[in-house]
Number of protein chains: 2
Amino acid sequence: MSKDELVFLPLGGSGEIGMNMNLYGYGPASARKWIMIDCGVTFADLTTPGIDVITPDPGYILDMKEDLIGLFLTHAHEDHIGAVARLGPLLDCPVYATPFTAKLVEAKLEEADVAIDLHVVDMGARLKAGPFHLEYVTLTHSIPEPNAIAIRTALGNVLHTGDWKIDPEPSLGPPTDAARLSAFGEEGVHAIVCDSTNVLSPGVSGSEMRVQENLADLIAQQKKRVFVATFASNVGRVLSICRAAGAADRSVCLLGRSMLRIVAAAQAVDILPSDIEFVEPRDAGYLPKEHILYLCTGSQGEPRAALSRIARDDHPDIAIDEGDTVIFSSKVIPGNERDIYNLQNALVDLGAEIVTERDAFIHVSGHPNQDELRQMYEWARPRYAIPVHGEARHLERHAEFAKELGVEASISPRNGDLIRIAPGAIEAIDEVPAGRLYLDGKILAPQGDKGLRERKKLGWAGAAFVSIPMDARGRLAGDVDVRLLGAPQLDAGDGAFEDRLAEAVEEAVGDLPPGKRKDEAAIDIAATRALRNLTTEHWGKRPMVVVSVLWT
Amino acid sequence: MSKDELVFLPLGGSGEIGMNMNLYGYGPASARKWIMIDCGVTFADLTTPGIDVITPDPGYILDMKEDLIGLFLTHAHEDHIGAVARLGPLLDCPVYATPFTAKLVEAKLEEADVAIDLHVVDMGARLKAGPFHLEYVTLTHSIPEPNAIAIRTALGNVLHTGDWKIDPEPSLGPPTDAARLSAFGEEGVHAIVCDSTNVLSPGVSGSEMRVQENLADLIAQQKKRVFVATFASNVGRVLSICRAAGAADRSVCLLGRSMLRIVAAAQAVDILPSDIEFVEPRDAGYLPKEHILYLCTGSQGEPRAALSRIARDDHPDIAIDEGDTVIFSSKVIPGNERDIYNLQNALVDLGAEIVTERDAFIHVSGHPNQDELRQMYEWARPRYAIPVHGEARHLERHAEFAKELGVEASISPRNGDLIRIAPGAIEAIDEVPAGRLYLDGKILAPQGDKGLRERKKLGWAGAAFVSIPMDARGRLAGDVDVRLLGAPQLDAGDGAFEDRLAEAVEEAVGDLPPGKRKDEAAIDIAATRALRNLTTEHWGKRPMVVVSVLWT
């Protein structure tokens, strides 16, 4: 019988942005027990039309879900919890989260109308999960209650950092628990599995308290309405903005569904100070311009978010006037540039002044720059490093950087790489199936699904639908009908071009040798070819063609 | 009769990126003579699926093209000449360009197989065009032969800058002709119509010669293959890279169609020194790794460009190995981030080292930062400023900045704003139709075209085609056929769900009151509703539905 091993397996988040799903296994290869850390989504873009959200494909672990002991959530960002409501019922194991994270997961479960076995654990909690002993360690990040998980096993310890930075002065919540990290380092950390997001950035990411001071200065200077766009999940930032507003004698009005939802969750678990109050959008309209601050979602230019609606002058209660100021206390997430610039241009056209992190130090990242990584490695003193949470260029750089920081070896895995952590030196020992699932309407469709592939083709060149009525003797039994979807106006106005296509199809079918006229495949090929010849000539494109032969 | 006026009218490039099209008119409102400066495109993104290129809609000027005296091109970037081959034949006026620009326009005309009346003019040329006296003034930019156009009229002078920077040490071509600019300033400049691209950036944009030195240092350090990605049109950069390669004893191999095309054009007009030589890709493969440098297109992650093909290991002659270096001597154009990062990740996965402008000073912008704008305003001493070539946030900032630089007033127009430049103070006097044309296959489709709108819907939720054979008495004359395109696999496997949809349609048609069964519109509505009810229930989406009733 093979001997016990401790293994690590990322199914999401390694070699890509978002949708973290990390597995640890313990036992002999034939009978491992597993825990999962985080279960996130990534947001789709226009390269996958009709898809909102992408999740990791948990197929590998679903095949042995009786050996999955639990799912442990580090914090409440979508790329760590976003797939829990979708995949949790399939994983069918207990799920653990600290109070604020649990609150947000509960809201998702309610919305999806599903139930899972959710357990709320305290910050700093210690849990036993089969062969794994887990300890939540408090860190700092851009959301309340960020946790590393210190994993102890008989074969060695692992520090799974989750997402983190070292904020010496967070605006909300305790600072990084350096004492626990150092103690764990003393105890002996065999491997660190660590956030790679900002490894390309030197220095430190900066403190929320500096951001709060700068926001306070900036807001104090404004004479008219102030709008601040930020990430709703950054409750510390929300608090900073509320304090800055208070200092400038401005009431705060929250705008945006996720802003309301997250602030409510924070209040429910007593994270926000009780003296923080808000005014309703309807009432805010009655306040003098210099006494109101709107705190809103939509910093990424999301078309349905509050700020975009205001920029389109499409909000029931709120309008922007000449001299109002819109502060983007946020970063530009790669891929969102055009949406953000379009939003800012629309705001400028309404007469607003725009202030972004380019103009003032009003945003900090929640991930560790190089100096913070160095500090973490000094606390934990890991023997080996496994960079996760990043694209290839981040993981490879982190692997090098870890060696500069003194680890014996580092392996930067891609989703599906099975790494033996212990015993012995870390080593990639296998590759298992990993992939993505695309949420298409209500359906979780597999990677390479026909529907998405067809929609991309439809987006490029549309579709033609050809109905051909044939009688039993292989003669046309009526007029051919052609409908073209997604083509620009061609030739002599609407309809006329479709008539020409129908004529071409009739001719092509009529030209078939008599023996082929009862052969649907032959009719399909002839009709498709005739139609595409004409569209290529007049349009320069070849639409998808569906031929329906009706035998009458 | 109304008196003479000098007016400015941007039909493209003001309030957006790319596709510059600027008109100047002279005469009474009822009988103006016009000149056009530049005629560019902008590249489409996935928000307009199936569209490659977007041009300004020249409809306004086409309606009076007998009064359009000429089209004058400032330089050869696509956003200034890209629409000439498409729109030139419609505009039907002489076109003027300096030798290098003309060479590239000729290539486009040849490719499109169209002819226009193209005139090659010298750098510094003076031309008369009806009431306009034009002088080409040599500037510096990121392409050979960039020109401002000094426009003299009886009502006053205008400096139309085109795209420019102030490069004290260009790697190719003469420096900015400060003497002509100052002289024009002395003569009196009523208005400047000026590039706004970099107005948000303080300081200066930097010199190509510094870039050349840094590239030389960087390339000299490499031990294996070196790839440098840059914009092909930046012939000065191409020359810098060739010199750096020569100093490091590396032969240069050009990769990419536009690289070959533009270098050939530069050689044809004697812009590149005659000692610059290149090796063919096939021969390059035989050279030792330390003696080759590949100069390639694809810095923006364009999937069909040379570098992306190499990253996919899909190039007939060239592969990347561990330790090779890929230098991005280029910027990240907003909107291209994801494509570029995906490319860089793929290169990292092949073992390449990536160097970008983030790591070293190996790229400079071709547009003026604030200090360069200040210098230009000092030379030209314009009375009024008309910021163009930028999005709203750039134009508005430039309008303010121009006032800080001492102009009496500034107006930042949007496409279609007609500005009276003289006599008197500048003033927006009218708005004329302006818009975009989308190149859809071979068709230039108008904004809001049905084809594109339908393709977006198809991309989101696909389409269902329903064929219903009916007899003359309003009874089903055969089986209903339903084809669903762009849906994920639903229910019990391929085809089965389409059968269920067909049954639902049959039932819905059968349920119609007898009087409605010969009414195509009623059949269409009933069939569509029945089909969408089922797709909503099982898929959560409502595809486009086309119903074809065949009467037999």
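Mentor: Let's begin with how the parts are spaced: the C-alpha centres of domain 1 and domain 2 of chain A lie 31 Å apart. Keep in mind that this is a predicted model, where local features need pLDDT of at least 70, side-chain atom pairs count only at pLDDT 80 or more, and totals for chains, interfaces and linings use all residues. Residues are numbered from 1 along each chain as its sequence is written, while chains are lettered from A and ligands numbered from 1 in the order in which they are written.

Trainee: Into which domains is chain A divided?

Mentor: Domain bounds come from an automatic or database domain assignment. Here that gives domain 1 (5-203 + 365-441), domain 2 (208-355) and domain 3 (450-551) of chain A. Between domains 1 and 2 of chain A, 18 residues of domain 1 are in contact with 18 residues of domain 2; two residues are in contact if their C-beta atoms, placed from the backbone, lie within 7 Å. The domain 1 side has 9 nonpolar, 5 polar and 4 charged residues. For those classes, Ala, Val, Leu, Ile, Met, Phe, Trp, Tyr, Cys and Pro count as nonpolar, Asp, Glu, Lys and Arg as charged, and the others, Gly among them, as polar.

Trainee: How many helices and strands does chain A have?

Mentor: Helices (H or I, at least four residues) and strands (E, at least two) are DSSP runs, numbered from the N terminus. Chain A has 16 helices and 27 strands. Its C-alpha trace spans about 85 × 75 × 45 Å along the principal axes.

Trainee: What describes the packing of two helices?

Mentor: Two things: the angle between their axes and the distance between the axes. Axes are lines fitted to C-alpha atoms, for helices over the stretch in contact, and angles run from 0 to 180 degrees between N-to-C directions. Take α6 (208-221) and α7 (235-247) of chain A, whose axes come within 9 Å and cross at roughly 35°. The residues making this contact include L215(A) and I219(A) of α6(A), and I241(A) and A244(A) of α7(A). By class, the contact of α6(A) with α7(A) has 9 nonpolar, 3 polar and 3 charged residues.

Trainee: And sheets? In what order do the strands of the open sheet in chain A come?

Mentor: Two strands pair if DSSP finds at least two bridges between them. This open sheet has 7 strands, in the order β9-β10-β11-β12-β13-β19-β20 of chain A, with mixed pairing. At its edges are β9 (126-129) and β20 (409-410) of chain A, each pairing on one side only. Inside the order, β11 (147-153) and β12 (156-160) of chain A pair in the antiparallel sense over 5 bridges, and I151(A) stands opposite V158(A). Helix α5 (178-187) of chain A lies across β10, β11 and β12 of chain A, running at about 150° to β12(A).

Trainee: Why does L534(B) count as buried?

Mentor: A residue is buried if 20 or more other C-beta atoms lie within 10 Å of its own, exposed if 12 or fewer, and partly exposed in between, with C-beta atoms placed from the backbone. L534(B) is buried because 20 other C-beta atoms lie within 10 Å. This residue sits in helix α16 (520-538) of chain B. Beyond its neighbours within four places in sequence, L534(B) is in contact with R500(B), L501(B) and A504(B).

Trainee: Last one: how many residues of chain A are in contact with chain B?

Mentor: 57 residues of chain A, touching 57 residues of chain B. Helix α14(A) gives the largest share of chain A's side, 8 residues. That side divides into 25 nonpolar, 16 polar and 16 charged residues.
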